[in-house]
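This briefing is meant to be read alongside the sequence and the coordinates. It moves from the chain as a whole to individual side chains.

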Amino acid sequence: MFRIGYRTIKTAIGVAIAISIAQLCHLNSFPSAGIITILCIQITKKKSLQAAFSRFLACLIAMLYSTIFFEGIAFHPAVIGLMLLFFIPTVVAVKAQEGVVTSSVILLHIYSAGHVTVHLLLNELGLLVIGITVALLMNLYMPSVEGKLKKARQQLEGDFSVIFKKMALYLRTNRSNWDGEELMRVNDTISEAKILAFRDVENHVTSKDDLYYQYFIMREKQFEIVERMLPLAAVLPKELPYSQVLADFIEELADHVHPYNTSHIYLRKLDALMEQAQQMPLPATREEFDIQAALIGLIKELEKYLILKSIYKGFSRQKGCMKKEAVT
């Protein structure tokens with residue numbers, strides 16, 4: 001499906017502006033300012049800054065090497081090859097390898113001129129500054145992804161809630177017609193949300209607002225625990241009194257899957273359940289041993305799930321804002 005994204009629009013506008021400014025300044029090879037703008041407009045503000053710095057540094061090195069090699073040896077294609085043997089390792093050493101393509105444009109301009117002059121170097125520097133500046137200005141605007149992140153969070157919490165309810169139902173009845181759709185969807189949601197949240201972090205240049213990213217990392221770790229809980233729950237017979245107690249507890253968790261700080265309430269309840277489970281009579285058969293082991297294992301996994309929630313920063317209930325606090 002044909003679609004024009006915001007980055008495409010910014011690039012098109014930026015290229016037109018950069019070329020226009022370079023042309024108004026009567027710079028030679030003014031279309032190159034547009035090429036530099038294209039190369040510097042990135043998907044996030046941080047990446048754009050990094051790209052701009054790398055390209056600026058690489059181009060300065062290219063101008064220096066061009067002056068040394070072309071004026072010191074000759075303006076010959078073989079000299080370009082010789083220079084690149086030194087130039088590329090240099091930009092890699094200073095971590096400016098992103099600027100190899102941009103600096104090659106500058107290098108070939110100098111080669112085409114047939115001589116190095118102050119006016120030529122200032123011309124190339126002008127193209128570079130115009131192209132980079134326009135790209136950075138265009139990248140000041142980044143569309144907010146908070147709506148998408150909020151939707152992914154709600155989707156994830158809804159799926160967690162369904163998984164817990166299905167687990168509670170099985171503990172009560174030892175029957176289930178669940179197809180596990182939510183399990184597969186959680187993995188996809190977390191993967192996509194992490195990418196989106198990381199992009200959001202990269203767009204906060206002056207502050208590290210990684211609340212959503214840390215949230216999805218936390219849910220990813222919790223999901224690993226949930227996957228370990230399911231086979232343990234499958235071992236417990238409905239006749240076991242603790243199965244019904246655990247079902248009630250897990251169902252209560254299912255009704256309170258949210259990013260706010262209530263995990264301490266459930267940890268206290270879980271401690272009481274563990275104390276009761278540890279007072280069970282010693283198993284007389286292998287089957288009883290497996291059941292007790294699964295019961296205690298499930299309680300411990302639930303504890304890990306809740307502890308993991310309690311140590312992460314979370315969302316404030318006040319007017320939908322976010323702030324650092326433990327989450328559930």
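The structure is a predicted model, and its protein chain contains twelve helices and two strands. The radius of gyration of the protein chain is 30 Å, well over the 20 Å that the globule rule gives for 328 residues, so the chain is more spread out than a compact globule. The structure holds 14 salt bridges, and several of them are described below.

**Overall build**

- Along the sequence, the elements of the protein chain follow the pattern α-α-α-α-α-α-α-α-α-α-α-α-β-β.
- The C-alpha trace of the protein chain spans about 95 × 40 × 40 Å when it is taken along its principal axes.
- Of the 328 residues in the protein chain, 44% count as buried.
- Among contacts in the protein chain with a separation of 6 or more, 75% are accounted for by residues 24 or more positions apart.
- The protein chain exposes about 17,300 Å², and carbon and sulfur atoms supply 61% of that area.

**Charge**

- The protein chain carries 35 positive and 31 negative side chains, and the centres of these two sets lie 6 Å apart.
- Side chains of opposite charge can pair when their charged atoms come close.

**Salt bridge between R185 and D159**

- R185 forms a salt bridge with D159, in which the closest N and O atoms are 2.7 Å apart.
- Because R185 lies in helix α8 (residues 181-202) and D159 in helix α7 (residues 146-173), the pair ties together parts that are 26 residues apart in sequence.
- R185 is partly exposed, with a relative accessible area of 28%, whereas D159 is buried, with a relative accessible area of 2%.
- D159 and R185 also belong to a network of salt bridges that links D159, E181, E182 and R185.

**Salt bridge between K165 and D255**

- The side chains of K165 and D255 meet in a salt bridge, with a distance of 3.6 Å from N to O.
- K165 lies in helix α7 and D255 in the loop between α10 (241-254) and α11 (263-278), so this pair ties together parts that are 90 residues apart in sequence.
- K165 is partly exposed, with a relative accessible area of 37%, and D255 is partly exposed as well, with a relative accessible area of 49%.

**Salt bridge between E220 and K194**

- E220 forms a salt bridge with K194, and the closest N and O atoms of the pair are 3.1 Å apart.
- Since E220 lies in helix α9 (residues 211-235) and K194 in helix α8, the pair ties together parts that are 26 residues apart in sequence.
- E220 is partly exposed, with a relative accessible area of 27%.

**The loop residue T44**

- T44 is placed in the loop between α2 (31-40) and α3 (45-72).
- T44 counts as buried because its relative accessibility is 1%, and the cut-off for that class is under 20% relative accessible area.
- When residues up to four places away in sequence are not counted, T44 touches N139, M142, R199, E202 and N203.

Methods: Residues numbered from 1 in each chain as written. Predicted model: local features only at pLDDT ≥ 70, side-chain atom pairs only at ≥ 80, totals over all residues. Heavy atoms only, no water. Helix = DSSP H or I, 4+ residues; strand = E, 2+ residues; numbered from the N terminus. Buried < 20%, exposed > 50% of the residue type's maximum accessible area, 1.4 Å probe, protein only. Contact = heavy atoms within 4.5 Å. Rg over C-alpha atoms; globule rule 2.2 N^0.38 Å. Areas by Shrake-Rupley, 256 points an atom, 1.4 Å probe, with all protein chains shown as cover. Lys, Arg positive; Asp, Glu negative; His and termini not counted. Charge placed at Lys NZ, Arg CZ, Asp CG, Glu CD. Salt bridge = Lys/Arg side-chain N within 4 Å of Asp/Glu carboxyl O.
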